[in-house]
Amino acid sequence: MDTLTPFEWFMLGWIVLALIVSIALFFVPAPYGKFARRGFGPRVNRIVGWIVMETPAAWLLVIIFALSEHVSHPGAMVSLVFVVLWQIHYLYRTYLFPFTMRGDRANITLLTVVLGVVFNFGNGFINGYYLFEIRDPLPADWLTDWRFLIGVSLFFIGLGTNIHSDTILRSLRRPGDAQYRIPNGGLFNYISQANYFGELIEWAGWALLTWSPAGLTFFIWTASNLIPRAWSNHRWYRRTFPDYPSHRKAIIPFIF
Ligand SMILES: NC(=O)c1ccc[n+]([C@@H]2O[C@H](COP(=O)([O-])OP(=O)(O)OC[C@H]3O[C@@H](n4cnc5c(N)ncnc54)[C@H](OP(=O)(O)O)[C@@H]3O)[C@@H](O)[C@H]2O)c1
């Protein structure tokens, strides 16, 4: 342990924080969506909230890359591929997804937004700093390595599942409608939170394709966030809809 650098200590502390937050989220679900409720301070416009919350992640990695020596390195193609993959997710999540949501425009609290900013800032920084400041650029043949190939496949399968599932949820409402209904189709036939499952697969792919402790740290944070939330949502569905499919799991098909 004596040999850990300050950055490695930071990553370790960040993982410990994720695990603490995860346990807390099983008891106190974040106050937005199905769990928006009084007692957590002011609410803000959801579209603005999402954009503010995700913006640190959308730009931090690019900025760190642009300021690093990788940007002028002749062999930095792999680093550029990492940036492009990250941006595909975050430009969608930050600037497209919020405009597609239907329902109550004020169902997110300022507190959730502030915590989201911290989460996205920490993860964007850890990934950018590790990949472009600490680690030297990976050689171009990394792009044909099995870890990259399996990782990138998982990344796109997860992204596709996430977007497809978000689309199913959106189709449950007409514009202006804020009702909750039982989602069906795709992986919703097996789990309550198919969108979260897609997101988990996506970041597992990222951890593999970057083969980095930073990618693993982000995966742990994502799982720490989404698993308790999926569990709370799953219980909410069961409580709310007596005809909710009983075989459906929360987030991992056939398992949990
Ligand atoms: N990387 C991470 O750690 C992380 C963390 C959080 C979220 N995310 C991602 O961000 C996206 C949104 O997350 P979220 O927590 O807001 O997901 P969510 O609770 O599943 O809600 C997504 C959207 O669908 C609507 N919706 C949900 N269930 C519905 C139902 N039964 N009937 C009708 N509409 C329904 C929600 O409306 P309401 O807002 O009115 O509930 C919201 O607009 C997901 O793709 C998720 O994977 C990632």
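Start by selecting W211, which is found in the loop between α7 and α8; helices here are DSSP runs of H or I with at least four residues, strands are runs of E with at least two, and both are numbered from the N terminus. Before going further, note that this is a predicted model, in which local features need pLDDT of at least 70 and side-chain atom pairs count only at pLDDT 80 or more, while totals for chains, interfaces and linings use all residues. Residues are numbered from 1 along each chain as its sequence is written, and side-chain values use heavy atoms, with hydrogens and water left out.

With W211 still selected, look at the backbone: W211 has a positive phi of about 45° although it is not a glycine. W211 counts as partly exposed because its relative accessibility is 43%, where buried means under 20% relative accessible area, exposed over 50%, and partly exposed in between, with a 1.4 Å probe and protein chains only.

**The segment after α8**

Select F254 next, in the segment after α8. F254 also has a positive phi, of about 70°, although it is not a glycine. At 66% relative accessibility, F254 counts as exposed.

**The ligand and its shell**

Of the 27 residues around the ligand, Y32, R46, Y180, R181 and Y196 come nearest. Zoom in on three of these side chains in turn: a polar side-chain atom of Y32 lies 2.5 Å from an oxygen atom of the ligand, a polar side-chain atom of R46 lies 2.8 Å from an oxygen atom of the ligand, and an N or O atom in the side chain of Y180 is 2.5 Å from a ligand oxygen atom. The protein covers 94% of the 880 Å² of accessible area that the ligand has on its own, with areas taken from the Shrake-Rupley method with a 1.4 Å probe.

Colouring by element shows where the shell comes from: two or more residues each are given by α2 (46–67), α6 (146–171), α7 (194–210) and α8 (213–240). Which element gives the most to the shell around the ligand? That is α8, with four residues. Colouring by class instead gives 11 nonpolar, eight polar and eight charged residues; Ala, Val, Leu, Ile, Met, Phe, Trp, Tyr, Cys and Pro count as nonpolar, Asp, Glu, Lys and Arg as charged, and the others, Gly among them, as polar.

Move to helix α7 and select E199. Is E199 buried or exposed? E199 counts as buried because its relative accessibility is 12%. The side chain of E199 makes a polar contact with the side chain of N162 at 3.4 Å; a polar contact is a pair of N or O atoms within 3.5 Å, where, within protein, one must be able to donate a hydrogen and the other to accept it, and residues adjacent in sequence count only if both atoms are side-chain atoms. Not counting residues up to four places away in sequence, E199 touches H89, R93, G158, N162, T222 and L226, with contact meaning heavy atoms within 4.5 Å.

A204 lies in helix α7 as well, and A204 is partly exposed, with a relative accessible area of 25%.

**The nonpolar cores**

Next, display the largest nonpolar core, which has 33 residues, with F82, W86, F132, W206 and L209 having the most contacts inside it. A nonpolar core is a set of buried Ala, Val, Leu, Ile, Met, Phe, Trp, Tyr and Cys residues joined through side-chain atoms within 4.5 Å. The elements that give two or more residues to this core are α1 (6–27), α2, α3 (77–95), α5 (110–134), α6, α7 and α8. Centre on F82 and, leaving aside neighbours within four places in sequence, find its contacts, including L61, L131, F132, W142, F148, W206 and L209. Apart from this core lies another, of 12 residues, among them I168, F188, A250 and I251.

**The loop between α6 and α7**

Finish at D177, in the loop between α6 and α7. D177 is buried, with a relative accessible area of 16%, and a polar atom of its side chain lies 2.9 Å from the backbone nitrogen of Q179. Beyond residues up to four places away in sequence, D177 touches R102, G103 and L172.

Key:
Near = heavy atom within 4 Å.
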